[in-house]
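Colleague: I would like to learn how to read strand pairing and ring contacts in a model. Can we take them step by step?

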Amino acid sequence: MVLVGLLAPMIFVRTPFYSREGYPVYQPVQFDHRHHVADDGIDCRYCHTTVEKSSTAGFPSVQTCMNCHSQVWNESPALRPVREAYFTGMPIRWQRVHRLPDFVYFDHSIHIAKGVGCVECHGRVDEMPLVMQTTPMTMGFCLECHRDPAPRLRPKEAIFDRAWKPPADRRALGLELMDRYDVHTRTSCTTCHR
Amino acid sequence: MIRFVLGEVTNADAAIDVARAIAKLGIGEVDGYAPYPVPGFDEALRLPKSRVPWIVLGGGLTGAGVGFFLQWLLNGWDYPINVAGRPLVSAPAFIPVTFELGVLFSAISGVLGFFVLSNLPRVWHPLFEAPGFERATLDRYFISVRLTDPEVDAAPIIRAFEELGARVTVVEVKTTS
Amino acid sequence: MSPMKRHLPLFGAATDRRTFLETMTAALALAGVEGCARPRGDALPFDRNPVDMTPGRPLDYATALPFFGYGVGMVGKTREGRPIKLEGNPDHPASLGAALAYQQAAIWELYDPRRAKIVLHDGQPAAFRSFLNWMHRKAADLGKTQGAGLRLLVDPTSSPSLKAMRKRIAERYPKSRAYSFSPSAPDARYRGTELLFGERHEVVYDLEAADVIVSLDADFLLTEPSSIRLMRQFADRRVPENKPNRLYVVECSLTTTGMNADHRFRARSVDIAPIGYALVAALAKATGTNELSSSFVETLRAASKTPAVERIPIEGIARDLARARGRSVVIAGLRQPPLVHAVAALMNELLGNVDKTVRYLPARLESTGAQSDELGELVRDIDRGEVEVLLIDAFDPVYSAPVDFDLGRRLGKVPHTVYTSLFADETSRNCEWFVPKAHELESWGDYQAQDGTVSIVQPLIEPLFQGRTQHELLAPLLDEGGGSARELVEGHWREEWKGRFDTEWPKALVKGAFTEQEQAERPNSSTDRLETALREAARQPAPEGIELALHLDARVLDGRYAYNPQLQELADPVTRLTWGNAALLSPATARRLEVKPGDVIVIENGDKSVQAPVYVLPGHADDSVSLSLGYGRLGAPHGTNAYLLRTSDALWFRVGVTLRKAGKREVLVTPQGHETMEGRPIALSTTLQGLEEERTHLAHMREPLPTLYQTWHYEGHRWGMMVDLSRCTGCSACVVACHVENNGPIVGPKDIARGRDMHWLRIDRYFEGTADEPSTIVQPVMCQHCEMAPCEYVCPVNATVHSDEGLNEMVYNRCVGTRYCSNNCPYKVRRFNWFDYQGRKTPVEKMRPNPEVTLRSRGVMEKCTYCVQRIERARIDARVQGRNIEDGDVKTACQQTCPASAIVFGDLNDDQSRVRDLYDDSRRYDLLHELNTRPRTGYLVRVKNPNPELA
Amino acid sequence: MEAGGRIQDPLEPVPVLAGRPTDENITQSLLDYLFRPAGKRFWLLFLAVFGLAGVFLALSIYTIAVGIGVWGNNIPVAWAFGIINFVWWIGIGHAGTLISAILLLFQQKWRTSINRFAEAMTLFAVVCAGMYPILHLGRPWFFYWLFPYPSVSRIWPQFRSALVWDVFAVSTYFTVSLLFWYIGLIPDLATMRDVAKSPRRKRIYGIFALGWRGSARHWRHWRALYVLLAGIATPLVLSVHTVVSFDFATGILPGWHTTVFPPYFVAGAVFSGFALVMTLIIPARKIFRLEHVITIKHLENMNKVMLATGWMVAYGYGVEHFIAWYSGDPFETYVMHNRETGLYAPVFWLMIFCNVVVPQAFWFKRARTSLLFMWVVSLLINVGMWCERFIIIVTSLQRDFLPSSWNDYYPTWVDIGIYVGTMGLFGTLFLLFLRFVPAVAVAEVKELALELEHERRHHAPEESAP
């Protein structure tokens with residue numbers, strides 16, 4: 001009984017329910033990545049503009065939406081919230097899907113620069129009608145890659161390519177990339193906690 | 001059907017004599033009961049030495065081994081961190097935990113061993129049905145012979161008891177087997 | 001089966017958009033019921049893409065802050081539109097990239113939730129519009145009477161646009177008058193030049209070329225205009241390689257400047273003047289000049305007949321000065337009367353220092369008259385009933401004006417009073433209209449530095465509480481249309497620059513500083529006015545009895561910073577007191593009065609009296625009690641309000657006050673436990689003469705001692721920090737910079753008194769020698785980042801460990817708070833969150849913290865991290881560009897702001913780095929070396945340069 | 001010693017067992033009070049201590065809710081009451097196991113009648129001690145981070161830290177003491193089961209007796225195990241306080257970094273432990289009429305032990321000061337000087353008085369045998385040992401290397417409340433123990449009676465010989 005009491009929480013924190021893996025998050029506007037990314041072939045960076053130069057990937061402003069939707073679907077009822085936001089200046093209340101604790105300092109730009117593709121952490125967003133978390137995003141998860149980046153790296157040109165097919169021996173490629181991009185394993189606490 | 005032939009005496013020395021005599025008969029499984037460990041009782045009943053010490057030793061060694069391995073594994077191998085410029089495996093600093101775990105394991109294994117060997121705990125035992133047996137933990141001394149084979153005749157045992165002046169009771173237990 | 005399918009089985013691959021949207025809306029309706037992710041909070045993007053701002057990256061703006069009315073160039077770092085840190089502007093001559101505690105702490109003032117938020121009319125909330133209407137009506141009425149009833153009471157300012165505006169007002173309302181008042185105005189120095197040269201000048205010192213510096217009660221390193229520049233120049237000349245200067249200080253109370261003197265002499269404030277006269281006389285002899293008439297020298301001698309003069313080796317100092325003709329400077333303190341300033345100027349003349357170490361430029365501050373006189377005139381006007389409308393934009397006059405003016409009551413007699421300020425204070429209670437003022441970081445404006453450099457003040461953020469600037473307040477008086485501060489400031493410079501505006505303005509904004517060409521003035525002196533004044537002085541008998549000496553406070557200056565908790569909790573560089581002031585007495589005087597530290601005494605000045613706890617300050621002048629201004633304010637009731645003793649006839653000191661015990665005690669709130677080093681080798685100092693043998697001795701205090709462990713090797717970067725005690729003046733700017741950069745909490749007097757100071761970087765101040773004539777040494781102590789850190793091996797949870805670059809890392813989110821690390825830290829630099837110091841913030845306060853640094857929760861340990869967030873930021877930026885971090889990429893907050901550039905941080909593995917030079921310097925030693933903790937922080941021994949002749 | 005050269009029982013002629021009781025009246029006399037309803041005085045006492053335990057609970061919640069800041073601790077004195085009380089209680093906890101284990105190994109007959117008592121005391125003392133390391137944490141709710149469990153953050157405890165050693169030492173000590181106590185208790189629980197009148201009690205004791213029936217087959221395992229546990233417990237006891245002393249000895253603080261700490265702490269522990277046993281047993285034997293099993297001889301022996309350990313502690317003080325002086329290390333010297341003359345000098349001298357001066361009275365038999373006197377002395381020793389921990393912890397932190405960071409420590413009402421509170425907790429547990437568990441090992445006393453019986457028979461001829 002004591003044993004169960006000890007084990008239960010350890011197991012619980014490893015369940016997808018706790019880490020929120022695979023639970024789609026409903027949004028005030030039904031934005032479908034499948035459609036925008038897959039069908040229309042819009043690049044990640046069109047909306048997530050700062051992903052290469054800042055710690056945050058950037059959340060698109062309504063202006064970005066209206067770039068297209070002032071022309072297409074500009075009367076769709078589903079887009080009313082977007083238009084309202086645009087004209088009233090009251091931002092849309094999107095729901096966060098990924099959130100790290102405040103004491104964790106993750107920087108998108110450096111990961112991109114070192115050849116970590118979006119998919120590694122965010123999964124195939126282009127296949128999700130509603131975005132959901134697909135990795136546990138625990139410290140353990142981060143450490144796996146920080147200790148051994150090789151099998152998770154990809155060439156720079158493939159970083160935003162969701163459908164990139166890794167070669168048979170990915171580790172070999174990874175090792176080669178590691179020294180092409182001068183990638184180091186960094187596991188010091190202050191790499192992420194400041 | 002299992003039978004217990006029970007002889008009761010009032011003091012330790014008598015108990016030892018009875019035990020010796022009954023054990024000599026060599027019928028059934030002989031055991032003795034006393035409120036406290038009576039010196040010489042075991043010999044009289046021809047009981048072998050306890051195996052608890054070996055269990056404890058084993059437990060202790062395992063504990064110590066686990067203890068040191070654990071520390072080596074966690075601080076030296078799984079997440080090696082430079083702490084105060086000390087070596088990753090600071091053996092001297094690992095001694096206390098190694099020792100404590102050794103002690104802990106030996107104690108626990110000892111207790112478990114004790115329970116297993118004397119198949120305790122149990123809430124009921126046929127002898128509890130024997131009238132007056134409750135005094136075995138107070139001030140009376142008993143010798144019991146456990147007979148599993150219904151063919152065996154209990155008479156000689158009873159006689160032996162009576163010769164030695166022990167009050168005899170027989171407990172019968174129905175077993176479905 | 002993908003989780004997606006699990007939740008929304010409707011969607012096959014080939015669902016067309018319309019059905020998708022329809023079903024989705026349905027699904028949304030069900031969302032409550034449907035098991036989906038627990039909410040993680042909202043994400044609110046901008047509604048328009050922000051120009052030139054990248055979320056997640058800092059954006060810097062050049063601006064300026066006023067200091068004694070002059071401008072100090074600043075660079076404000078903003079994140080997502082919130083200013084989070086101010087740093088000096090390297091292109092600004094009054095800042096040189098450095099800043100003092102006052103400027104560093106401005107961020108706290110900006111986000112202070114107690115700031116005034118609404119316009120008040122007779123204490124009732126009102127709309128700013130209604131105030132404007134009222135102003136316009138009044139302006140119209142006043143126009144009819146040529147502004148007969150109009151009076152302005154303003155801080156003396158150097159702002160060109162404001163000065164221009166006031167001029168225009170004066171033209172439009174010829175009968176109106178503008179008075180300026182500031183309790184800390186440097187008017188005495190102006191009037192000193194007037195006394196000697198016949199006109200007022202801006203006196204600009206230049207210590208770069210000064211070998212010998214004599215300070216007559218001048219705290220030029222901290223509480224004076226341009227102190228940042230002066231400190232930099234002074235410190236640059238303190239290192240032995242750099243031909244060290246020599247500083248003589250004669251002063252009443254111990255000041256930051258006094259702590260750094262090679263020879264310090266104590267004298268009552270009132271005795272400084274005679275000493276000055278004696279010095280001139282001696283100088284005349286030493287230089288053998290014939291510029292001074294013998295009669296004049298006689299008057300000097302006559303005027304310097306006081307016992308105080310005998311105690312000081314005047315001749316020796318004079319000879320030393322004479323030897324350094326043209327390479328010396330004499331500076332008189334702002335507390336001293338014009339006569340002393342004139343005398344100082346005269347000495348600089350005799351020594352031929354003009355245009356070498358002293359320059360005379362046109363006066364910058366709009367008003368340069370005796371402050372008390374100007375205010376006196378206003379008081380007279382009020383009593384005569386001439387004042388109908390009084391506009392006040394000065395630092396809390398009711399609080400800071402001389403008591404005998406009784407301004408509070410008098411304001412009541414003025415029909416219409418308008419007051420603007422950041423906080424509701426003593427004055428606001430006595431005014432008809434109160435308008436919240438915009439903080440400098442919310443305002444448009446401009447300031448001028450002493451040397452004439454102009455910097456434009458541009459806002460880093462919209463006014464948080466609809467505050468207004470003085471421009472906007474005065475605008476209605478001259479309806480030129482366009483009342484916004486920006487229009488007014490731009491307008492002014494469009495005038496100034498005529499056609500060049502469009503090219504100059506952007507440059508000015510970006511660079512933050514530009515200089516109008518102007519010729520240094522070469523006024524010719526005449527000693528006649530001086531002589532008459534001296535005769536007058538000579539006639540006065542040498543005053544006897546106990547002197548009351550008022551000082552500008554090293555933290556709240558004249559009280560204008562008193563509302564700033566950051567500065568209240570900062571320990572005074574000299575007394576190490578926080579949250580209040582104390583009556584400073586010399587040990588001898590304290591003994592005579594039989595008072596112990598903490599005893600409360602009553603100080604009686606005529607019919608005025610205040611109570612203050614005694615602080616026995618070694619090196620304080622005997623028979624004098626010092627009290628610093630600026631405490632006991634309405635919204636910051638800490639300490640004693642010294643203004644209650646300040647009268648218009650004696651603004652800074654008066655002999656003949658009486659002291660008596662009040663018979664109670666008060667806790668002196670200080671983070672420092674002990675005043676001396678107990679003979680332990682902690683903060684080391686030596687003299688230029690003794691340096692050589694000291695070097696050999698120091699060699700034993702830096703070589704690592706043998707150890708049983710095999711030591712770790714650090715490839716790549718090996719971060720380290722060097723602190724040069726020869727440069728450090730103890731000004732404490734670094735302490736505040738560190739606290740702001742790293743989101744340090746303010747814990748308040750109770751916890752400070754309990755020993756729960758939260759500053760990661762502290763400045764220890766030790767007294768050596770006798771209690772009467774102590775020598776003082778200061779030592780900044782922060783985490784030493786020991787390579788064999790005692791704190792680390794005792795942490796049970798791996799919460800403090802070493803990084804691969806040798807940083808002693810503190811992982812807040814792993815800490816359970818056993819506090820064992822603090823116990824085992826020989827430097828006691830670790831700080832503990834005893835309560836939830838970071839919680840319970842108002843929305844406004846929540847805008848302040850630096851997003852790059854974690855807010856520490858209750859129950860965790862924290863300490864200096866070498867600003868690791870800056871290291872990592874530099875690393876990421878460098879690596880993204882595909883290069884390595886270079887020397888200078890990383891500057892810790894303390895290093896960046898240090899006016900004395902005493903702190904240097906960098907990579908010890910980089911042979912070219914500055915820190916490496918200092919690391920290899922033979923003045924370097926490790927603190928508590930014998931413990932073999934192998935600290936990464938090193939100290940360079942302090943070298944003093946006493947005059948062998950006097951030693 | 002006698003002609004025969006056979007070592008005579010040092011406790012003769014004063015008996016460890018008054019008279020020649022039969023098993024029957026041993027059972028009678030030792031268990032009766034358990035069945036008699038508790039008196040009014042008992043319940044008043046119980047309410048009192050229970051109330052204090054309530055205070056402890058309330059203040060603990062307050063501390064955890066508001067923050068450790070409600071205690072008087074500061075920087076530099078980051079450890080104070082919390083750790084002082086922890087060490088104090090742990091120290092007290094040592095006597096129990098020591099008495100039963102070591103004396104068992106040495107076959108000391110006089111042990112039997114007091115061991116149960118002492119062991120119980122150990123358990124409860126350790127319970128109280130255990131509260132503090134958790135309470136004093138900045139974030140108590142994360143105390144489990146000190147245990148090596150697989151977390152999703154993949155980070156582990158740091159085994160070089162003496163605090164981790166503490167965790168293992170104290171938890172091991174508690175577990176082993178509990179087992180030792182319970183194993184020893186099983187036969188008596190069975191006895192209780194068999195003498196109990198009411199079926200409810202019969203059932204309850206029956207459950208805890210685990211079906212014990214005094215079988216010889218069981219006794220032999222029991223015997224082996226019991227002796228072995230004693231054998232393990234002995235080094236354990238020594239190790240536990242050694243580890244506790246490491247909390248300080250492995251630090252670099254002047255006044256902490258001392259090699260004499262381990263033995264000196266263990267001696268101190270035994271010292272204070274015995275003292276508390278005395279404090280409790282003297283009234284208890286009177287109230288529960290146990291004078292015939294806990295004879296004056298027991299008490300006198302314990303006094304002798306206290307005299308001895310008292311000297312060991314004194315030696316510790318001596319060495320500390322000598323080394324400080326002999327090393328010539330300015331920091332060390334200053335700390336010692338500060339102890340004698342500084343702010344907390346009164347505490348220091350009180351400690352010297354209680355721990356060194358007072359016990360010297362036990363050189364005299366009259367002192368060793370006067371109940372009232374020895375009771376007072378035992379109280380004083382407990383005070384003295386608390387002072388010792390205060391001196392070691394606070395004065396070393398208060399004046400360490402850099403004078404700039406020196407600071408003094410003053411406890412708050414919460415500190416004091418929690419300390420007194422744990423005494424209440426201890427009292428509560430102890431009274432419950434006295435109420436429901438035989439306070440004297442019945443079986444062992446019976447065994448002892450038999451042994452003495454045999455001895456008498458042996459001696460008979462020799463005694464009659466000329």
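Modeller: Start with the rule for pairing: two strands pair if DSSP finds at least two bridges between them. Keep in mind that this model is predicted. Now the case: in chain C, strand β23 (residues 599-605) and strand β24 (residues 608-616) pair in the antiparallel sense, over six bridges.

Colleague: Which residue of β24(C) is the bridge partner of C:V600?

Modeller: C:P613 is the partner of C:V600 there.

Colleague: What sits between β23(C) and β24(C) in their hairpin?

Modeller: Two residues lie between the strands. In this hairpin C:G606 takes a positive phi, near 60 degrees.

Colleague: How many bridges join β23(C) to β27 of chain C?

Modeller: Five, and the two strands run antiparallel. β27(C) covers residues 658-665. One of the pairings sets C:I601 against C:K661 in β27(C).

Colleague: How do side chains point along a regular strand?

Modeller: They alternate between the two faces of the sheet.

Colleague: How many of the seven residues of β23(C) are buried?

Modeller: Six, so the strand is mostly covered; the cut-off for buried is under 20% relative accessible area.

Colleague: Now the rings. How many aromatic pairs are there over all chains?

Modeller: The count is 85, with ring centres within 6.5 Å as the criterion. Take A:F17 and A:Y23: their centres are 6.1 Å apart and their planes meet at 80 degrees. Planes over 60 degrees apart count as edge-to-face, so this pair is edge-to-face.

Colleague: What kind of pair do C:Y820 and D:W79 form?

Modeller: Their centres lie 4.6 Å apart and their planes are at 40 degrees, so the pair is tilted. This pair crosses between chains. C:Y820 is in helix α28 (residues 820-824) of chain C. D:W79 is in the loop between α2 (40-66) and α3 (81-105) of chain D. C:Y820 is buried at 0% relative accessibility, and D:W79 is buried at 1%.

Colleague: Last topic: charges over rings. Which ring does the charged end of C:R848 sit over?

Modeller: The ring of C:W108, at 3.5 Å from its centre. Another case is C:K117, which lies over the face of C:F465, 4.9 Å from the ring centre.

Notes: Residues numbered from 1 in each chain as written. Chains lettered and ligands numbered in written order. Predicted model: local features only at pLDDT ≥ 70, side-chain atom pairs only at ≥ 80, totals over all residues. Heavy atoms only, no water. Phe/Tyr/Trp six-rings, centres within 6.5 Å; stacked < 30°, edge-to-face > 60°. Helix = DSSP H or I, 4+ residues; strand = E, 2+ residues; numbered from the N terminus. Buried < 20%, exposed > 50% of the residue type's maximum accessible area, 1.4 Å probe, protein only. Lys NZ or Arg CZ within 6 Å of the ring centre and 35° of its normal.
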